[in-house]
Amino acid sequence: MDRGLFIAAAGMRAEQTRQDQLTNDLANAATPGYKRDRTTQTTFGDVLLSATRDGRAVGAVGLGPYADQTVTDLRAQPVRETGEPLDLAIEGDGYFAVQTPQGVRYTRNGQFTTSPTGTLADARGNQVLGQGGQPVPVDAQGRVAAGAVGVFALRDPRKVGEGEFQGTAAGQAPGVVRQGALEGSGVDPTIAMADMIASLRSFEAGQKSITTIDETLQKAANQVGSATGN
């Protein structure tokens, strides 16, 4: 394969990964407690070119970028008042714990509701856990005691799905539960849209490079064929 085609294709793959991540961020721009992702890019190692005829070194050339890793921005976001009694926000460090069919997951999204059994649950019906791992009861007035909701420290948190994390629980976190409020999303839609436009332009530049190289190769092949025929 022509080296230029490889470099352009590598760049397009890296931008496609970046666009997938930005699309997911934009879809969660209004999700309470959502933490945005960032995909870092690095380059393949350079190769040293040499002249075919005499082996003389010509110089080094890069082989294009690739998506290196996705990093989640775990910084706490501003809290806004909602007045809803089952909306909870953590001021400071820590995560809520919910019991899912896949095991215990952790989240900063405190937009909760009441389950059919009268306990606190997330939007998908998963039970919210207290500090001892027990369900949190909702009283007859549709309220919970803020101190009954667990706030867990989490070691090596990693995102699994929409706004949920896995990790090693490390006891009670110093964060405080605030009722009638929600933590904002970590996504700034304006910045995310600007990043998306920049990524799309980079992707289009890769497409144009491939088209140009393809046309050049086709033209060269036709000229060589014509010269051979003479």
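1. Basis of the model. Because this is a predicted model, local features need pLDDT of at least 70 and side-chain atom pairs count only at pLDDT 80 or more, whereas totals for chains, interfaces and linings use all residues. Residues are numbered from 1 along each chain as its sequence is written, and side-chain values use heavy atoms, with hydrogens and water left out.

2. Overall form. The protein has two helices and 15 strands, where helices (H or I, at least four residues) and strands (E, at least two) are DSSP runs numbered from the N terminus. Its radius of gyration is 26 Å, well over the 17 Å that the globule rule gives for 230 residues, so the protein is more spread out than a compact globule; the radius is taken over C-alpha atoms, and the rule is 2.2 Å times the number of residues to the power 0.38. The C-alpha trace spans about 95 × 30 × 30 Å along the principal axes of the protein.

3. Surface and contacts. Of the 230 residues, 34% count as buried, meaning under 20% relative accessible area, with exposed being over 50% and partly exposed in between (1.4 Å probe, protein chains only). Among contacts (heavy atoms within 4.5 Å) with a separation of 6 or more, 63% are accounted for by residues 24 or more positions apart.

4. Charge. The protein carries 21 positive and 25 negative side chains, and the centres of the two sets lie 4 Å apart. Here Lys and Arg count as positive and Asp and Glu as negative, while His and the chain ends are not counted; each charge is placed at NZ of Lys, CZ of Arg, CG of Asp or CD of Glu.

5. Helix α1 and D25. The 25 residues of helix α1 (residues 3-27) should span 36 Å at 1.5 Å a residue, and the end C-alpha atoms are 37 Å apart, which agrees; the expected span is 1.5 Å times one less than the number of residues. Buried residues in α1 include M12, E15, L22 and D25. D25 has a relative accessible area of 2%, and, not counting residues up to four places away in sequence, D25 touches Y34, R36, D37, R38 and V187. The C-alpha atoms of D25 and M193 are separated by 9.9 Å, although these residues are 168 residues apart along the chain.

6. G150. This glycine lies in the loop between β11 (127-128) and β12 and is buried, with a relative accessible area of 0%. Leaving aside neighbours within four places in sequence, G150 is in contact with Y95, F96, L129, G130 and Q131; from Q131 it is 19 residues apart in sequence and 3.9 Å apart in space, C-alpha to C-alpha.

7. D156. Strand β12 (residues 152-159) contains D156, which counts as exposed at 60% relative accessibility. A reader checking the backbone may note that D156 has a positive phi of about 55° although it is not a glycine.

8. N109. The loop between β8 (103-107) and β9 (113-114) holds N109, which counts as partly exposed at 22% relative accessibility. N109 touches T31, P32, G33 and F96, not counting residues up to four places away in sequence, and its C-alpha atom is separated by 8.5 Å from that of E164, 55 residues apart along the chain.
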